[in-house]
Amino acid sequence: MTNSSPKLIILFFTTITIIFSISPISNALSNCLLTPDLDLRTDPDAITTASTDYGNLVRRSPRAVLYPSSENDVVELVRLSNGCPTPFGIAARGHGHSVRGQAAAHGGVVVDMASLGRNGSRIRVSWEELRRRGRRAAVGTLSNAGISGQSSFFGPQISNVLQLDVITGKGDLVSCSEEMNSELFFAVLGGLGQFGIITRARIVLHKAPTTAKWVRLIYDEFSKFTSDQEHLIMKGYGNGPNYLEGSIITDKSPPNNWRSTSFYSPSHQTKIQSLLKANGGILYSLEFVKYYTNIHEELELMMVKDLRFVPGFSFKKDVPLFDFLNRVGSLELEEDNDEEEAHPWLNLFLPKSQIMDFHAAVILNLIHTQNQTSGPILFYPLNRQKWDDRTSAVVPEEDIFYTLGLLHSTKRSESHVFENLNKQILEVCQREGIRIKQYLPHYESKEDWVQHYGSKWATFQERKQKYDPRMLLSPGQRIFTPVMESDF
Ligand SMILES: Cc1cc2nc3c(=O)[nH]c(=O)nc-3n(C[C@H](O)[C@H](O)[C@H](O)COP(=O)(O)OP(=O)(O)OC[C@H]3O[C@@H](n4cnc5c(N)ncnc54)[C@H](O)[C@@H]3O)c2cc1C
């Protein structure tokens, strides 16, 4: 668990906007939802938006969408479901950045959490806004973990939460923290929305200088790349970089991509392309950032002194911190502009002791050989000591573990190609005994979930029984609730 003292703390409030009920809800659910107080919509716009997500791979339609004007509306909805002879599923939906329908509630009610942010008197939180302010968080992310290049130093976002307001599956609104209602607090963090709906979070933020030295080093050998990544995170936040990630470069996953479109100049890209060709079509890119007000040239040299990148393949930029944090651009625009774009992502955690096996079996034999991945391929280490085992999140049981992010973008009609690659990767890991954990997990069967949670399963189940005994919440995760299939 991180001990870093908070320098700046912000309260994220949930908020408001009332959207009028457009048409009546016409089935068994309607009797339970007959209430003048709630702003529920059943029109095609509302239903269509709530039926899909960023992945654009599955479509699961709710019966209605709630646009809450306050947390009391959410409490009322949960209580209505509890009082219903056949309770309906309820899914909080943040930005719908899931890729497999995790924020869906097939035949139930989706709660549009963003509408809590539309009241001018309160603060609306979005990825975009947090990037703009130099801070990162999104509430749905707290249901997963929230990782980035800063997590090696500060842990995931769920290690940086001070207090939450949560509406449990019984309809109780509870404030919780490490000291107060701590079981619920830790259950909800990384809990995939299973125990409660977060309506407010107090999160530690770290004040940062205004300028960033942004560095990328290119490697032709995986072992040098990973040992240098580890070397840098071991230096710690003060002596080493403030942000560290890494990625794999192939023909289909070029050095410039949507996560940072303008890092390399055209001449740098040509230079890297030549090296890529000479190295058989695969390279590794270590990326780090040092925030500074005044940086000494000496300090800069010290940081890369012992690293074993390909000579002449070190690239750096000095940018305003805002530009670095804002490098990803607007997702909302991308989604709106291309409805047919699908994102069959696969995110894994894998133990350090098995990364060489993983490299041979998956990165070289599948990803490189098939050369299909279209989009960034992230690969960087995380430090388990910065994760709190009391949360619901699961990670490999080694001090250092790596994350692989295959952030595929494709036409929906071609998504099966990537789905197939993802499936092969999981099968190879199973066959070779590589002890991966999925991040942003998606499983088809209860057995897979039990295996995923391992020694945490019993606690996970007990907490579900305690906080959401009627199994109402986040049914789209498909852990406790079998979901009627309704994919594209
Ligand atoms: C372009 C892009 C970049 C990303 N970058 C990162 C990254 O850098 N690091 C990282 O860790 N992840 C990243 N993610 C993944 C992201 O963390 C997850 O997709 C997360 O679920 C997004 O939050 P959301 O609010 O949109 O969740 P949704 O998709 O809306 O919901 C996800 C799950 O959380 C539940 N949920 C939503 N809101 C609440 C709530 N208020 N209370 C309780 N449960 C809730 C939902 O019911 C659902 O089960 C990225 C995703 C995208 C699309």
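**Ligand shell, cavity and selected residues**

Gly155 is buried, its relative accessible area being 6% (buried is under 20%, exposed over 50% and partly exposed in between, with a 1.4 Å probe and the protein chains only). The model is a predicted one, in which local features need a pLDDT of at least 70 and side-chain atom pairs count only at pLDDT 80 or more, whereas totals for chains, interfaces and linings use all residues. Residues are numbered from 1 along each chain as its sequence is written, and side-chain values use heavy atoms, with hydrogens and water left out.

Gly155 sits in the loop that runs between helix H6 (151–154) and strand S6 (161–168) (helices, H or I with at least four residues, and strands, E with at least two, are DSSP runs numbered from the N terminus). Along the chain Gly155 and Gln385 are 230 residues apart, yet their C-alpha atoms are separated by 8.0 Å. A second pairing of this kind involves Glu245, which belongs to strand S10 and is buried, at a relative accessible area of 2%. From Glu245 to Gly149 the C-alpha to C-alpha distance is 4.9 Å, across 96 residues of sequence. In helix H8 (residues 222–239) we find Glu230, which is buried with a relative accessible area of 12%.

We turn next to the ligand. Its shell consists of 31 residues, and the closest are Ala92, Gly94, Ser98, Ile147 and Tyr439 (a residue is near a molecule if one of its heavy atoms lies within 4 Å of it). Three elements, namely strand S4 (90–93), helix H5 (139–142) and strand S8 (196–205), each contribute at least two residues to this shell. By residue class, the shell comprises 14 nonpolar, 15 polar and two charged residues (Ala, Val, Leu, Ile, Met, Phe, Trp, Tyr, Cys and Pro count as nonpolar, Asp, Glu, Lys and Arg as charged, and the others, Gly among them, as polar).

Which residues have polar atoms placed against those of the ligand? A backbone N or O atom of Gly94 is 2.7 Å from a ligand oxygen atom, while a polar backbone atom of Ile147 is 2.7 Å from a nitrogen atom of the ligand. From the side chain of Gln477, an N or O atom lies 2.9 Å from an oxygen atom of the ligand. On its own the ligand has 940 Å² of accessible area, and the protein covers 94% of this (areas come from the Shrake-Rupley method with a 1.4 Å probe).

Seven nonpolar, six polar and five charged residues make up the lining of the second largest cavity.

Asn256 is located in the loop between S10 and helix H9 (266–278) and is buried, at a relative accessible area of 15%. The side chain of Asn256 reaches the backbone nitrogen of Tyr264 at 3.2 Å.

Two backbone angles remain. Most residues other than glycine have a negative phi. Asn371, not a glycine, has a positive phi of about 45°; Asn371 lies in the loop between helix H13 (355–370) and strand S15 (377–383), where it is partly exposed at 22% relative accessible area. Leu440, also not a glycine, has a positive phi of about 55° and belongs to the loop between strand S18 (437–439) and helix H15 (446–453). With 29% relative accessibility, Leu440 counts as partly exposed.

Note on methods. A polar contact is a pair of N or O atoms within 3.5 Å; within protein, one must be able to donate a hydrogen and the other to accept it, and residues adjacent in sequence count only if both atoms are side-chain atoms.
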